Amino acid sequence: MRAITSARRTARPLAVLSGAALALFLTAQGAGATTSPDDPANVTPSGDSKSVTPPEAQAAFAEQGRAAGLTEEQITTLQNSANLYLSTLGGRQVALNKVVVDGKADVFIALPDEDAPRDLSPEAGLVSASGCAGGKAAYGHFCAWREPGFRGTTIDMYSCGRYPISLVGNGSWDNNQTKGTRARMYNKSGKLIYTTPPAHSRDSSGDWTPVHSVRNC
């Protein structure tokens, strides 16, 4: 994939490093970066102040994690990450590691150093049936990954819209929407900084740092 013209020399917006492209937000996951991908300064608020999981629901999700054999630290990591996605994208938490955004997008949160999100939902097979399963976007989907190589936490965008994104570092994306559809990426001031090639197109490694929102259609 071709790279975008970046205003930064060291962090080329989506698509250049080795083919190009991003890396979404997530730090409560303890990825160990010196700069937090979830730094509030790098977040475009969704404006949905009601997107908060009630304490009783968080307790139920914690039990979900314990039943799956997760440690208390892992449970806290996933819940903190879910809280951050809720504060940025809005929506509601439906599992310890899943947030749904008004029938428009789904976030599946992976633990640090794990290649894919675990299937913690009460509905067995939910993660494996997602539009970003197996490191590739299903037809009609735009998928963004926290890590290069289509790994880690994923944001599955399947409805046309503009989505706030906050990540620092390298990640990846796959645009498998209807033929010819291009996704557009914008910086903090709302300026267009990158347009993907027509679908189907993808990037296995590139910098999400300057990207603050994505319009997938």
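## Basis of the model

Buried means under 20% relative accessible area, exposed means over 50%, and partly exposed lies in between, with a 1.4 Å probe and protein chains only. This is a predicted model: local features need pLDDT of at least 70, side-chain atom pairs count only at pLDDT 80 or more, and totals for chains, interfaces and linings use all residues. Residues are numbered from 1 along each chain as its sequence is written, and side-chain values use heavy atoms, leaving out hydrogens and water.

## Ser201

Ser201 has 7% relative accessibility, so it counts as buried. Ser201 sits in strand β10, residues 201–207. Strands are DSSP runs of E, at least two residues long, and helices are runs of H or I, at least four; both are numbered from the N terminus.

Leaving aside residues up to four places away in sequence, Ser201 touches Trp173, Asp174, Asn175 and Thr196. Contact here means heavy atoms within 4.5 Å. The side chain of Ser201 also reaches the backbone oxygen of Pro197, at 3.0 Å. Phe142 is 59 residues from Ser201 in sequence, and the two C-alpha atoms are 9.8 Å apart.

## Two disulfides

A disulfide is a covalent bond between the sulfur atoms of two cysteines. The cut-off used here is a pair of cysteine sulfur atoms within 2.5 Å. The structure holds two. Counting bonded cysteines along the chain, the pattern is 1-2, 3-4.

## Cys132 to Cys143

Cys132 is joined to Cys143, with S to S at 2.1 Å. The link of Cys132 and Cys143 is left-handed, at -95° about the S-S bond. Cys132 lies in the loop between β3 (105–108) and β4 (141–147), and Cys143 lies in strand β4, so the pair ties together parts that are 11 residues apart in sequence.

Are these two cysteines buried or exposed? Cys132 is buried, with a relative accessible area of 4%. Cys143 is buried too, at 0%.

## Cys160 to Cys217

The disulfide of Cys160 and Cys217 has an S to S distance of 1.7 Å. The torsion about the S-S bond of Cys160 and Cys217 is about 65°, so this disulfide is right-handed. Cys160 is in the loop between β5 (151–157) and β6 (162–164), and Cys217 is in the segment after β11 (213–215), so the pair ties together parts that are 57 residues apart in sequence.

Cys160 is partly exposed, with a relative accessible area of 49%. Cys217 counts as partly exposed at 23% relative accessibility.

Methods
A polar contact is a pair of N or O atoms within 3.5 Å; within protein, one must be able to donate a hydrogen and the other to accept it, and residues adjacent in sequence count only if both atoms are side-chain atoms.
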